[in-house]
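These are my notes from going through one model, entry by entry.

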Amino acid sequence: MAAMKRLLLEIKWGALSLVSLYVSVLSGIVVALQYDEGHPFYSAASLDLLIPYGMFWRSLHFYSSQFFFLLSIVHFIAIFHGHADRLSIGKWIRLVASIPVALLLLFTGYVLRGDATGESAGLIAENICLSIPVIGSMLNNFLFAISAEGLRRVYVNHLIGLGVLWVFFCWDHLRRYRVNIAEHSWYVFFILFFSLIFQAPIEPMKMGVFHIAGPWFFLGLQELLRYLQPFLAGIVIPFVFICSLAFLQPKHPWGKKAKFFVGGWLILYTGFTLIALSR
């Protein structure tokens with residue numbers, strides 16, 4: 001009975017996450033029709049003025065994407081507490097790998113706004129990539145290349161590259177689920193209502209402002225960059241966390257030790273995030 005409840009909980013969070021993804025993709029198509037990566041801030045801001053219900057569509061895409069990521073994390077936790085022991089180590093690692101890809105999808109959405117937050121976050125991410133020895137330049141050319149190409153590479157990855165990569169990592173898991181949106185109509189109405197009430201943020205550059213806070217999930221890393229070199233703060237520390245998630249798989253001999261490490265890492269990162277919020 002307890003196992004059945006855990007399974008239903010996993011399906012519930014997974015279904016809500018997929019519904020959020022569907023809404024994000026559909027609203028993203030509407031936003032993309034108006035978006036111009038050559039003039040990112042102007043095209044993003046003009047959505048509110050030039051197309052019918054532009055503010056609503058931009059907010060719907062923004063919030064449904066946020067909900068998708070957050071619900072994916074909750075679903076991942078439910079899987080861990082449910083039947084992670086029945087997954088092979090390879091399947092578990094693919095699920096873990098999907099988390100940074102989903103995070104990059106969310107992050108590139110911020111960058112594409114071209115506002116104060118997006119521009120700063122993009123430049124920081126590019127510098128972090130370039131700090132990686134040997135493959136840094138190649139990785140930056142694949143993901144960002146903002147200094148050389150503007151936001152064109154980021155736009156392509158947001159629309160196609162990262163989405164395909166996420167599906168690749170999650171496909172074995174996704175094909176087990178069948179989501180009927182009609183059964184979750186209450187949740188769709190909630191997202192629509194939430195997007196009507198709350199406008200998606202967009203922050204124009206302001207003269208004399210020297211500190212710009214990045215996306216909420218980026219704040220801890222942004223604070224770490226004050227004390228550590230970009231390679232350590234932006235690559236090594238997040239990579240160690242992802243590796244420790246991979247070791248959480250119950251079949252792995254380091255599973256119990258990884259659980260304590262993940263908990264400690266999250267506490268420290270939350271602490272740095274709170275410090276960043278206080279600035």
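**Entry 1: a bend.** I began with helix H8 and found that H8 bends by about 50° at His 158. The bend at a residue is the angle between axes fitted to the seven residues ending there and the seven starting there. Helices (H or I, at least four residues) and strands (E, at least two) are DSSP runs, numbered from the N terminus. H8 covers residues 152–174.

I noted the ground rules before going on. The model is predicted, so I keep in mind that local features need pLDDT of at least 70 and side-chain atom pairs count only at pLDDT 80 or more, while totals for chains, interfaces and linings use all residues. Residues are numbered from 1 along each chain as its sequence is written, and side-chain values use heavy atoms, with hydrogens and water left out.

**Entry 2: burial in H8.** I listed the buried residues of H8, which include His 158, Trp 166, Phe 169, Cys 170, Asp 172 and His 173. Buried means under 20% relative accessible area, exposed over 50%, and partly exposed in between (1.4 Å probe, protein chains only).

**Entry 3: the whole chain.** I counted 12 helices and zero strands in the protein. Of its 279 residues, 45% count as buried. Among contacts between residues at least 6 apart in sequence, 73% join residues at least 24 apart; a contact means heavy atoms within 4.5 Å.

**Entry 4: cavities.** Rolling a probe the size of a water molecule over the atoms shows where empty space is left. The search runs on a 1 Å grid over the protein atoms alone: a cavity is a set of points where a 1.4 Å probe fits but cannot get out, a pocket is an open set with protein on both sides within 12 Å along at least five of seven lines, and lining residues have an atom within 4 Å of a point. Grid points are joined across faces, edges and corners, and a volume is the space filled by probe spheres set on the points.

How many cavities of 30 Å³ or more are there? I found two. The largest cavity holds about 250 Å³ of space. It is lined by 19 residues, and Ser 72, His 75, Trp 166, Cys 170 and His 173 are the closest to its centre. Helix H1 (2–34), H3, helix H4 (89–112) and H8 each supply at least two lining residues. H3 has the largest share, with seven. I sorted this lining by class and got 13 nonpolar, six polar and no charged residues. For the classes, Ala, Val, Leu, Ile, Met, Phe, Trp, Tyr, Cys and Pro count as nonpolar, Asp, Glu, Lys and Arg as charged, and the others, Gly among them, as polar.

The second largest cavity holds about 70 Å³. Its lining is made up of Leu 87, Lys 91, Arg 94, Leu 95, Phe 169, Cys 170, Asp 172, His 173 and Arg 176. H4 and H8 are the elements that give two or more residues to this lining, and H8 gives the most, with four. By class I noted four nonpolar, one polar and four charged residues.

**Entry 5: the second largest pocket.** I then moved to the open space. The second largest pocket has about 930 Å³. Of its 40 lining residues, Ser 24, Gly 28, His 61, Ser 65 and His 158 lie nearest its centre. The elements giving two or more residues are H1, helix H2 (40–50), H3, H4 and H8. This lining has 29 nonpolar, eight polar and three charged residues.

**Entry 6: Ser 65.** Is Ser 65 buried or exposed? I put Ser 65 down as buried because its relative accessibility is 14%. Ser 65 sits in helix H3 (residues 54–82). Leaving out residues up to four places away in sequence, Ser 65 touches Ser 24 and Leu 106. The side chains of Ser 65 and Ser 24 are joined by a polar contact of 2.8 Å. A polar contact is a pair of N or O atoms within 3.5 Å; within protein, one must be able to donate a hydrogen and the other to accept it, and residues adjacent in sequence count only if both atoms are side-chain atoms.

**Entry 7: Ile 29.** I found Ile 29 in helix H1. At 47% relative accessibility, I class Ile 29 as partly exposed.
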